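Let us take a walk through this protein together, moving from the whole chain to a few of its parts. Have a look at the sequence and the model first, and then read on.

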Amino acid sequence: MSTAVVSVPCCLCAASSGQGRRRWKLPPPRAALVEAKPIPVPSLRGGGAGAGGDDGISGVPVLRVREFSSASALRDRADDMQAEATAMTRAADASVYTPELLVTKYGSRPIKVVRRAFEILAGLGSFAINLWLDQVKGQIDQNQRLRAIQLRKTFTRLGPTFVKIGQGLSTRPDLCPPLYLDELSVLQDALPTFPDAEAFACIEKELGYSLDSVYSSISSSPIAAASLGQVYKAQLKYSGQIVAVKVQRPGIEEAIGLDFYLIRGLGFLINKYVDFISSDVVALVDEFARRVYQELNYVQEGKNARRFKKLYADKEDVLVPDIFWDYTSGKVLTMEWVEGVKLNEQEAIERQGLNLLELVNTGIQCSLRQLLEYGYFHADPHPGNLLATPDGKLAFLDFGMMSETPEQARSAIIGHVVHMVNRDYEAMARDYYALDFLSPDVDVTPIVPALRGFFDNALSSTVSELNFKTIVDGLGAVLYEYPFNVPAYYALILRSLTVLEGLALYADPNFKVLAASYPYFAKRLLTDPNPYLRDALIELLFKDGRFRWNRLENLLVQGKQDRDFNAKDALQPVLKLLLGPDGEDLRALVIKEAVCITEAIILGSVVESYNLIPGFLRTFIPDVNAPGPLVMNTAERESMLELRAQVLRIWELLRSSESFDPSIFLPILQVLQEPEARVLGGRVVGGITQRLAARLLQQVLREPPAVSSPSF
């Protein structure tokens with residue numbers, strides 16, 4: 001695996017009115033760039049946004065100097081919107097995946113279909129036969145590098161569809177040996193290129209301008225080649241901005257269309273004859289094909305990036321590059337250039353003084369926000385699309401394949417983790433309704449023993465020691481046995497998280513995605529007002545009528561590790577439910593626990609204070625350990641002191657939070673002024689009074705210890 005630091009172009013950028021049109025000082029010439037030469041193409045109408053500039057070149061959009069005023073900001077935003085609309089017009093003829101059209105197109109071309117099927121079978125069959133022969137001869141290890149190269153070349157020869165399969169395998173160290181990972185990682189951005197003349201002609205045809213009127217210089221050969229296109233490094237003529245120009249491969253639609261027609265036909269056969277696969281394979285193929293076709297529309301990719309940047313680039317350690325709509329079309333994408341190192345090049349990252357695991361953790365936290373907060377997520381995060389920048393940021397690239405998690409499923413996933421921690425397998429089974437795995441008429445009762453059988457064994461150690469693959473494999477075994485229908489979004493979520501876990505395993509074989517995810521889950525449970533999550537928190541904290549202070553303490557410890565944790569918001573949703581019309585059951589539990597806490601704090605403080613008094617002074621003070629209203633056996637006294645210590649630790653966790661401010665109690669004080677809160681407070685005081693009175697009565701009725709007579 002190469003570890004040299006390379007300049008990798010971003011594969012997308014989001015629309016930005018701030019950086020997309022600034023005039024930059026021209027950087028010194030670079031050897032990698034050559035003077036842009038015009039290539040004769042037919043004259044096209046439309047294309048650019050705006051008329052000619054001061055240089056007299058008609059029709060070429062000019063990047064103006066940014067003026068920092070509200071009026072200029074509005075004009076710039078209007079210009080961006082106009083440029084985006086023009087780019088959308090250029091992409092009006094972009095293809096959309098339609099299974100019926102594929103059937104019509106290739107159903108009448110049997111010779112072409114058979115020829116392609118034979119190519120696929122011959123390529124993969126040759127690899128399988130050689131692998132089998134290696135096993136027969138006992139040469140599996142000896143020929144592993146040779147077979148890895150053969151598989152990589154086979155995927156490359158079979159085209160873009162199989163290149164994407166290879167990209168997925170290149171991030172799965174649990175499925176492929178290291179030599180295979182090294183070879184297949186080449187498929188991320190080192191694929192065969194197509195002729196530069198065709199690429200430059202495509203740019204001019206798509207944008208409607210000659211090459212030298214747009215770029216002052218452009219690299220003489222591609223900087224990188226991906227499955228669907230290749231990327232050049234260029235310099236915009238009117239601003240000096242260094243950009244990446246992504247150009248689509250010619251004939252790509254024909255190639256992937258035929259492959260999906262064949263794969264879809266295989267899906268029909270699997271649905272009909274393979275009983276142990278309960279999911280609708282054809283539906284999964286259609287969903288994947290639809291995503292790939294969306295990748296072919298670079299304007300849609302730009303809109304995806306703009307939305308992604310708006311949602312997630314607010315964090316200082318996440319970078320999403322900008323897009324230049326004036327020079328973007330359905331097959332050409334011009335975007336901000338990003339310097340960085342691929343996330344699977346650990347040595348190169350460490351040479352820059354960066355930590356791979358910290359970058360991966362940044363990716364995990366951002367992915368959790370994508371999957372569970374806003375629901376809009378990057379569905380293709382292979383190492384070629386994730387860069388470590390020199391200043392330690394994680395750059396997300398290539399936004400062609402995106403997906404969304406339904407709102408109901410986002411909360412259900414978090415609740416599912418809570419139920420797993422609690423080993424509440426009945427609730428776990430019911431979660432599959434909300435996750436859209438099961439139709440409401442399916443009885444989940446038979447599923448519960450299967451979940452218990454897997455997780456009781458898997459959870460024999462702590463949950464944080466589970467890796468994501470273990471859970472996926474275990475749930476997969478359950479899914480095969482029962483009438484589950486796995487939604488397409490779930491398959492993409494699994495792919496996203498397994499890729500990130502696979503990247504982390506390069507640096508640390510013991511890395512666990514679940515452990516790294518705990519702070520986010522804890523923060524959401526403690527602060528999110530969503531009723532589903534609020535109920536999940538109550539389930540986690542209360543069991544058998546008792547409050548589990550250790551669980552609350554663990555949640556606060558984990559939640560504080562999330563940089564967005566706000567102590568002001570902690571437990572507010574539960575407090576609102578407590579004093580609401582539907583909180584009577586919860587109030588009964590809280591009153592009981594509040595009495596115990598108050599007693600523990602008062603009596604525990606008395607006992608602890610007495611034990612701190614020097615021995616020679618205790619003779620002047622009543623002994624709290626002697627028979628009296630405060631007397632307790634040793635076990636009861638230790639339990640009370642532990643409860644008091646635990647409550648004080650929780651208070652210290654809240655107080656030591658970076659976001660702690662005494663004003664966080666103002667909402668609580670306001671709530672306590674409500675009539676319901678006064679009634680609740682009265683019930684707590686009454687409970688404490690009864691508890692102390694009972695202790696006193698117990699001492700009064702207790703028989704005094706027998707006193708032996710002195711012997712003479």
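The paragraphs below go from the overall picture to a group of strands, and then to helices and charged pairs.

This is a predicted model, in which local features need pLDDT of at least 70 and side-chain atom pairs count only at pLDDT 80 or more, while totals for chains, interfaces and linings use all residues. Residues are numbered from 1 along each chain as its sequence is written, and side-chain values use heavy atoms, with hydrogens and water left out.

Let us begin with the whole chain. The protein chain contains 27 helices and 16 strands; these are DSSP runs numbered from the N terminus, with helices (H or I) having at least four residues and strands (E) at least two. Of its 712 residues, 50% count as buried. Here buried means under 20% relative accessible area, exposed means over 50%, and partly exposed lies in between, with a 1.4 Å probe and protein chains only. The chain exposes about 34100 Å², and carbon and sulfur atoms supply 58% of that area; accessible areas come from the Shrake-Rupley method with a 1.4 Å probe, and for residues only the protein chains shown count as cover. Among contacts in the chain with a separation of 6 or more, 75% are made by residues 24 or more positions apart, where contact means heavy atoms within 4.5 Å.

Now find strand β5, residues 229-236. Eight of its eight residues are buried. On one side of β5 sit G229, V231, K233 and Q235, on the other Q230, Y232, A234 and L236, and both faces are covered.

Which strands does β5 pair with? Two strands pair if DSSP finds at least two bridges between them. Strand β3 (residues 215-219) runs antiparallel to β5, joined to it by three bridges, and Y215 has L236 as its bridge partner there. Strand β4 (residues 224-225) is also antiparallel to β5, with two bridges; A225 is partnered with Q230. With three residues between them, β4 and β5 form a hairpin. Strand β6 (residues 242-248) is joined to β5 by seven bridges, again antiparallel. The hairpin of β5 and β6 has five residues between the strands, and G240 takes a positive phi near 80 degrees in it.

K233 lies in β5 and stands opposite A244 in β6. Its relative accessibility is 6%, so K233 counts as buried. K233 and S220 are 13 residues apart in sequence, and their C-alpha atoms are 8.9 Å apart in space.

Step across to β6 itself. Seven of the seven residues of β6 are buried, so the strand is largely enclosed by the rest of the structure. I242, A244, K246 and Q248 make up one covered side of β6, and V243, V245 and V247 the other. Strand β9 (residues 332-336) pairs with β6 over five bridges in the antiparallel sense, and L333 of β9 stands opposite K246.

Next comes helix α10, residues 281-295. At 1.5 Å a residue its 15 residues should span 21 Å, and its end C-alpha atoms are 21 Å apart, which agrees; the expected span is 1.5 Å times one less than the number of residues. Buried residues in α10 include V281, V285, D286 and Y293.

Side chains of opposite charge can pair when their charged atoms come close. The structure holds 20 salt bridges, each a side-chain nitrogen of Lys or Arg within 4 Å of a carboxyl oxygen of Asp or Glu. In one of them, R264 meets D286 at 2.7 Å, N to O. This pair links distant parts of the chain, with R264 in helix α9 and D286 in helix α10, 22 residues apart. Both R264 and D286 are buried.

Another salt bridge joins K105 to E254, with the closest N and O atoms 2.8 Å apart. K105 lies in helix α2 (residues 99-107) and E254 in helix α9 (residues 252-273), so the pair ties together parts that are 149 residues apart in sequence. K105, at 36% relative accessibility, counts as partly exposed, and E254 is partly exposed at 26%.
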